[in-house]
Amino acid sequence: MKRRLLAIAALAAVGWSWISVADDVKVLDFTPEELRKISQHGPWPQPWTNDPSNRVSGNRIAVDFGEQLFFEPKLSTSGKLSCGTCHVPERDWSDGLKRGEGMQTVDRNTPNLVNVRYHRWFGWDGAADSLWFQSIRPILNDKELAATPAHVAQLVRKDAELACHYKRTFGKSPAEVKDDEALLVDVGKALAAFQETIVGARTPFDEFRDALERGDRAAAARYSLSAQRGLKIFIGKGNCSTCHTGPRFTNGEFHSTGIPYFIDKTRVDPGRYEGVKQVKESKFNLLGIYNDDPAHSTATATQHVELAERNFGEFKTPSLRNAALTGPYMHNGQLGTLREVVRYYSELNVDRLHADGEQLLKPLKLSAQEVDDLIVFVESITDFRTNWKRSTGGEPSCK
C-alpha cells in the first residue's frame, strides 16, 4: 500500500501532466493531493476473508440455507414477515420507507445490506459487533419479527425442509440441538453467510479512479465533467471524504449530524449511547460463548469500546455506495432525496450539533451548480445492480 501511494504521488508530480482542462481533454486538473485522496477510495471490490467468528461463513451450503431463511415468513410470530420484507432486493436491499414496518413501525430507517459483510459495527447504533449477531436482533425485536428462541427452534426442528437444510449446513439434525438459543444462533450464522454474498458491483467512479491510477487518458475522459466537479467538492470544499472515506465511502464510525433524535413527542433515540450499552451487555457479542473463533481475534473493538456521554444522539456514517437507490436518508428517514441531503449540509445549522461537537461539520454554502455536481458524483458511485441474483427455482429439495 505504501509503495503504491508513493508511486501515485510520483505520477501526480510528473506523469499525469496530461490531466488538464484543455478543449479536447475531458478530465479536470487534479492536484497531487486530490489524486491521493481519490486513490484512497479504491480499489473496488475489496478483498475479504471468511468471518472467523462464524464457522459457516463462506460455506455455499450455508449460503443456500441462509437465503431460504431470509425469505421465510414463518420466522415471524405472525407468519407474514421475513427479513426480505424490509430488505427488498429490488429496492437495493432496503424498503423505500421513512421508517421500517415490521410488527410495528420501528424507530429508524431501514439500512440497505449491500456490502454489509465489510462492516465492523452493525445497525445505526452499532449494537451488534458481528453480522450473525445483527441477524438475530430483528428476529427477537418486538417491533420487527417479534419471535423467540423457542419459536425459531421449533420451526427449524419441525419443518422438514428447514431441518434438512440445517443438517446439511451444520452436520447434525436440529432435533439433536436441545438448546433453543444455540439453534437460534446457528440460524443467525446461516443468515449472515447469505448476506455476505450481497456485494456491490463496480461503478463509473471506480473506472475513473483506476484510469487515473494507471494514467489512461481515454478511459478517464469517459467520466462526466459534472461528476468530476462533484468529486472535487467531495474531497475538497465539502470535506465529505473525512467521514465517507475509503473504498466503502464510510469510516464506519458514529457522528452527530444535527438531525433531531426525537422519535416522537415523548421519546428520544439515544443512538450510539444505547448501542454501546447493548453490545457490551449482550450474550451474543464476540466476547461471548457463541463466537466460533477460540482466539476471539475479531473481538478487540468490543472489548475496548467504552460508553461516553458524547455518544448520545450519534449514528453510524452510512456508506455512499449505491446511496442513489436507498432514500429516504438519515437514521430516521427525515430527508427524502439526495438533493435534500446535499442542501441540508449546504445550509447546516451548527447550533444543532453536540456542544462538544462535530468540528468538521460546517455549512458548505454550495451554489446551485455545485449541488447538482455533488449529486451527480454520488450517483456515479452507484452500480444500479448487485452481485447477487435470487435463485429462480427455490432451494434444492431435501425431502
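Helices (H or I, at least four residues) and strands (E, at least two) are taken here as DSSP runs, numbered from the N terminus. On that basis, the secondary structure of the protein chain comes to 15 helices and 2 strands. The model is a predicted one, in which local features need pLDDT of at least 70 and side-chain atom pairs count only at pLDDT 80 or more, while totals for chains, interfaces and linings use all residues. Residues are numbered from 1 along each chain as its sequence is written, and side-chain values use heavy atoms, with hydrogens and water left out.

Burial is expressed through relative accessible area, where buried means under 20%, exposed means over 50%, and partly exposed lies in between (1.4 Å probe, protein chains only). Of the 399 residues in the protein chain, 52% are buried. A contact means heavy atoms within 4.5 Å, and among contacts in the chain between residues at least 6 apart in sequence, 72% join residues at least 24 apart.

**Helices and their packing**

Helix H5 (residues 131-140) is largely enclosed by the rest of the structure, because 7 of its 10 residues are buried. These are Leu131, Trp132, Phe133, Ser135, Ile136, Pro138 and Ile139, and what covers them includes helix H6 (149-158), helix H8 (180-195) and helix H12 (272-281).

H6, which is among the elements covering H5, also packs against helix H7 (residues 160-170), their axes coming within 5 Å and crossing at roughly 90°. Axes are lines fitted to C-alpha atoms, for helices over the stretch in contact, and angles run from 0 to 180 degrees between N-to-C directions. Angles under 35 degrees count as roughly parallel, over 145 as roughly antiparallel, 65 to 115 as roughly perpendicular and the rest as oblique; H6 and H7 are therefore roughly perpendicular to each other. In this pairing, Leu155, Val156, Arg157 and Lys158 of H6 meet Ala160, Leu162, Ala163 and Tyr166 of H7. By class, the contact of H6 with H7 has 6 nonpolar, no polar and 2 charged residues, where Ala, Val, Leu, Ile, Met, Phe, Trp, Tyr, Cys and Pro count as nonpolar, Asp, Glu, Lys and Arg as charged, and the others, Gly among them, as polar.

Helix H11 (residues 225-235) and helix H15 (residues 368-379) have axes that come within 7 Å and cross at roughly 100°, so this pair, too, is roughly perpendicular. Ser226, Ala227, Arg229, Gly230, Leu231, Ile233 and Phe234 in H11 meet Gln369, Glu370, Asp372, Asp373, Leu374, Val376 and Phe377 in H15, and the residues of this contact divide into 7 nonpolar, 3 polar and 4 charged. H15 is also part of what covers the buried residues of H14; in that helix (residues 338-346), Leu338, Val341, Val342, Tyr344 and Ser346 are buried.

**Backbone geometry in the loops**

Most residues other than glycine have a negative phi, and most peptide bonds are trans. The table lists the departures from this pattern.

| Site | Feature | Value |
|---|---|---|
| Gly42 and Pro43 | cis peptide bond | omega about 0° |
| Trp44 and Pro45 | cis peptide bond | omega about 0° |
| Asp92 | positive phi, not a glycine | about 60° |
| Trp93 | positive phi, not a glycine | about 65° |

Pro43 is found in the loop between helix H2 (32-39) and helix H3 (60-70), and Pro45 is likewise placed in the loop between H2 and H3. Asp92 lies in the loop between helix H4 (83-86) and H5, where it is buried with a relative accessible area of 5%. Trp93 is found in the loop between H4 and H5 and counts as buried at 0% relative accessibility.

**Two partly exposed loop residues**

Val268 lies in the loop between strand S1 (254-255) and H12, and is partly exposed, with a relative accessible area of 36%. Not counting residues up to four places away in sequence, Val268 touches Tyr261, Phe262, Ile263 and Phe312. Its C-alpha atom is separated by 8.6 Å from that of Gly313, 45 residues apart along the chain. Arg310, in the loop between helix H13 (300-304) and strand S2 (315-316), is partly exposed with a relative accessible area of 45%, and the C-alpha atoms of Arg310 and Tyr273, 37 residues apart along the chain, are separated by 7.9 Å.
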